[in-house]
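Thank you all for coming; I would like to walk slowly through one structure today.

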Amino acid sequence: ARNIGVTRGLVFADVAATALVPSLGRTNAHAAIEAAANRVRETGGTLREALVVSGMLDAKALDSIFDPSAAVTAAAARVGPAAAFARDVAAKLVSPS
């Protein structure tokens, strides 16, 4: 949650752009999010606030976009295999075959 606050929600820019692709197309969705991100940097607000003002996404979509649980779940699924790989590499460095 701390990183989300520090970045003012900009860590969710790709998720927001993806949510807009069906209605705006890829190029326009990315341009819209870039414009919103620039407003965030200029005003000090958050990406969510900028998207609320824009009216491009409804409350349900915004709740989904700014819910970190999907990213945390995906990261957690990768931690175990990554740790196992690191242990294997470390073991080979310590005692080469």
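Predicted model: local features only at pLDDT ≥ 70, side-chain atom pairs only at ≥ 80, totals over all residues.

**The chain as a whole**

Let me begin with burial: of the 97 residues in the chain, 21% are buried, where buried means under 20% relative accessible area, exposed means over 50% and partly exposed lies in between, with a 1.4 Å probe and protein chains only. Residues are numbered from 1 along each chain as its sequence is written, and side-chain values use heavy atoms, with hydrogens and water left out.

The chain has six helices and zero strands, and these terms refer to DSSP runs numbered from the N terminus, with helices being H or I of at least four residues and strands being E of at least two. Read along the sequence, that gives the pattern α-α-α-α-α-α. The radius of gyration is 19 Å, whereas a compact globule of 97 residues would have one near 13 Å; the radius is taken over C-alpha atoms, and the globule rule is 2.2 Å times the number of residues to the power 0.38. Along the principal axes, the C-alpha atoms fill a box of roughly 60 × 30 × 25 Å.

**Helix H6**

Helix H6 covers residues 69-94, and its 26 residues reach 37 Å from the first C-alpha to the last, close to the 38 Å expected at 1.5 Å a residue, the expected span being 1.5 Å times one less than the number of residues. At Val79 the helix bends by about 30°, and a proline, Pro81, follows within four residues; the bend is the angle between axes fitted to the seven residues ending at a position and the seven starting there.

How many of the 26 residues of H6 are buried? The number is zero, so H6 lies largely in the open. Val94, for instance, is in H6 and counts as exposed, because its relative accessibility is 71%. Together with Phe85, Val89 and Leu93, Val94 forms a nonpolar surface patch with about 460 Å² of accessible area. Such patches are made of residues with over 30% relative accessible area and no salt bridge, with like charges joined within 9 Å and nonpolar side chains (Val, Leu, Ile, Met, Phe, Trp, Tyr) within 5 Å; the areas come from the Shrake-Rupley method with a 1.4 Å probe.

**One salt bridge**

The count of salt bridges comes to one, where the term means a side-chain nitrogen of Lys or Arg within 4 Å of a carboxyl oxygen of Asp or Glu. Asp63 and Arg48 meet in it through their side chains, at 2.6 Å from N to O. Since Asp63 lies in helix H5 (residues 59-65) and Arg48 in helix H4 (residues 47-54), the pair ties together parts that are 15 residues apart in sequence. Asp63 is partly exposed at 46% relative accessibility, and Arg48 is also partly exposed, at 28%.

**Positions elsewhere**

Ala37, in helix H3 (residues 26-43), is buried, with a relative accessible area of 6%. Ala37 and Gly9 are 28 residues apart in sequence and 9.2 Å apart in space, C-alpha to C-alpha.

Finally, Arg8 sits in the loop between helix H1 (2-6) and helix H2 (13-24), and its phi is near 55°, a positive value in a residue other than glycine.
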